[in-house]
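Please look over the sequence and the structure shown here, and then follow the report below, which goes from the strands to the rings and the core.

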Amino acid sequence: MNRLIELLNRKRMRYIATALVVVFLAVLVILVYGALERRTYHTYDVVRSLEKSQSVSQYAYTDAGVVRYSADGAALIGSKLNQIWNVTYSMSNPQVSVYGKWILIYDRQGTSFYLFNGKKQQGSFSASLPILRACVSGSGTVAALLNNGDKTRMSYYSATGSVIAEGESSMTDPGYPVALSLSENGLGLAVSYLTAADGTVGSTVRFYSFSKNGQKKENNVAAEAAFSGTIIPDLQYIGNECVLFRDNGFTVYKGVDNPKQTKNVDFDEDIVSVFHDSDYVGFVFRSDSREHSYRLRLYSSGGNHRSDQYIDHSYDRVHICGNEVVFSDTVHFSVYSVKGVCRYQGTISEGSITDVIGLGRRKMLLVSDSAAELIRLK
């Protein structure tokens with residue numbers, strides 16, 4: 001009997017010891033994570049420099065790397081500034097649309113599309129009319145608004161460039177298209193139309209579905225929402241949630257076959273800037289305090305409030321990449337965590353900043369008029 005009690009006590013002690021170790025490790029992970037989240041940096045090292053393009057280039061962050069594009073070509077750059085691919089073309093006004101690893105480069109007012117799937121080129125194709133706007137989905141399908149005189153043609157393409165569906169709109173039915181976005185699976189398309197009825201300017205958003213159920217609906221229209229007196233200059237699908245960026249707030253719709261409003265947030269202040277990635281949507285307002293210049297507010301893609309932070313300097317550009325928000329102007333840039341911690345503020349000693357893109361793990365791509373450099377905060 002005593003032997004049995006001794007064995008039970010030993011087993012109980014092993015359980016207690018194991019539980020204490022698990023609790024200790026969990027607390028340690030939380031403390032380390034918290035310390036890393038609050039860590040700040042005061043300078044940076046240049047890890048390596050990228051050879052400058054002969055043409056004026058723009059840069060965009062993707063899940064596969066950073067794409068550099070200009071009027072005569074594009075290249076995908078890896079995290080070590082290694083060139084993964086490059087392509088040459090001739091465009092008058094190149095634009096880029098990104099969804100995850102899918103990259104679409106198109107010529108606004110031209111007819112050319114170049115489509116890439118991460119580290120390889122998917123192909124190229126042409127539109128039948130001049131391109132006004134275009135976007136790519138997370139499955140590689142492409143939607144485009146084409147200029148057809150007094151009407152606008154909407155074309156929906158497969159990843160190989162074949163036309164899946166087409167339709168036209170006019171200024172009166174339902175209005176002039178100003179923004180479009182495809183869902184991650186490519187089956188949902190949202191278009192914001194500028195409208196004018198009885199002297200009141202507003203917006204109408206149409207949700208199109210290209211699923212089997214959507215094909216049963218007239219003109220593939222799954223739902224429509226009218227916003228009288230409110231302008232929606234931009235919208236973005238994040239997964240199957242579509243965020244409508246209104247001039248006085250934002251609205252979230254969920255679903256492809258039967259989109260429903262799930263969140264509506266109104267702002268009393270004027271919006272200065274809007275940005276987003278696959279997890280967050282962000283807004284910048286003028287500060288309500290004399291001690292600060294701006295106020296940053298972050299929400300989840302579903303519309304739940306996440307953080308607020310004052311910004312104490314001017315800026316020209318703002319991005320969110322890898323859970324970091326990056327502000328920059330010609331000489332200054334700053335980095336904030338999504339929890340509102342200012343991790344870095346500083347200036348460059350030479351040149352004029354044209355962009356700063358966060359690459360994660362303290363690494364940034366710092367682009368100036370004199371160089372493009374991979375830097376590491378320290």
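Two strands are said to pair if DSSP finds at least two bridges between them, and the helices (H or I, at least four residues) and strands (E, at least two) are themselves DSSP runs, numbered from the N terminus. This is a predicted model, in which local features need pLDDT of at least 70 and side-chain atom pairs count only at pLDDT 80 or more, while totals for chains, interfaces and linings use all residues. Residues are numbered from 1 along each chain as its sequence is written, and side-chain values use heavy atoms, with hydrogens and water left out.

**A four-stranded sheet**

In strand 17, Ala226 is the residue that stands opposite Thr204. Strand 16, which covers residues 200-209, pairs with strand 17 in the antiparallel sense over seven bridges. Both belong to an open sheet of four strands in the order 14-15-16-17, with antiparallel pairing. Strand 14 and strand 17 (221-228) stand at the edges with a single partner strand each, so one side of each has no neighbour in the sheet.

Ser181 lies in strand 14, residues 176-182. Is Ser181 buried or exposed? Its relative accessibility is 3%, so Ser181 counts as buried, where buried means under 20% relative accessible area, exposed over 50% and partly exposed in between, with a 1.4 Å probe and protein chains only. Leaving aside neighbours within four places in sequence, Ser181 is in contact (heavy atoms within 4.5 Å) with residues including Cys135, Gly188, Leu235 and Tyr237. A polar atom of the Ser181 side chain lies 2.8 Å from the backbone nitrogen of Tyr237.

**Aromatic pairs**

A search of the whole structure finds 22 aromatic pairs, for which rings of Phe, Tyr and Trp (its six-membered ring) must have their centres within 6.5 Å, and planes under 30 degrees apart count as stacked, over 60 as edge-to-face and the rest as tilted. The rings of Phe125 and Tyr157 have planes at 45° and centres 5.2 Å apart, so this pair is tilted. Phe125 belongs to strand 9 (residues 120-126) and Tyr157 to strand 12, so that the pair links parts of the chain 32 residues apart. Phe267 and Tyr299 also form a tilted pair, with ring centres 6.3 Å apart and planes at 45°. Phe267 lies in the loop between strand 21 (260-266) and strand 22 (271-276), whereas Tyr299 lies in strand 24 (residues 294-300). Both of these residues are in a cluster linked by ring pairs, together with Phe245, Phe250, Phe283 and Phe285. The table gives the accessibility of the four residues.

| Residue | Relative accessible area | State |
|---|---|---|
| Phe125 | 11% | buried |
| Tyr157 | 2% | buried |
| Phe267 | 8% | buried |
| Tyr299 | 4% | buried |

**The core and an exposed loop**

Gly149, by contrast, is exposed at 63% relative accessibility, and lies in the loop between strand 11 (142-148) and strand 12 (151-157).

Terms used: Polar contact = N/O pair within 3.5 Å; in protein donor to acceptor, adjacent residues only side chain to side chain.
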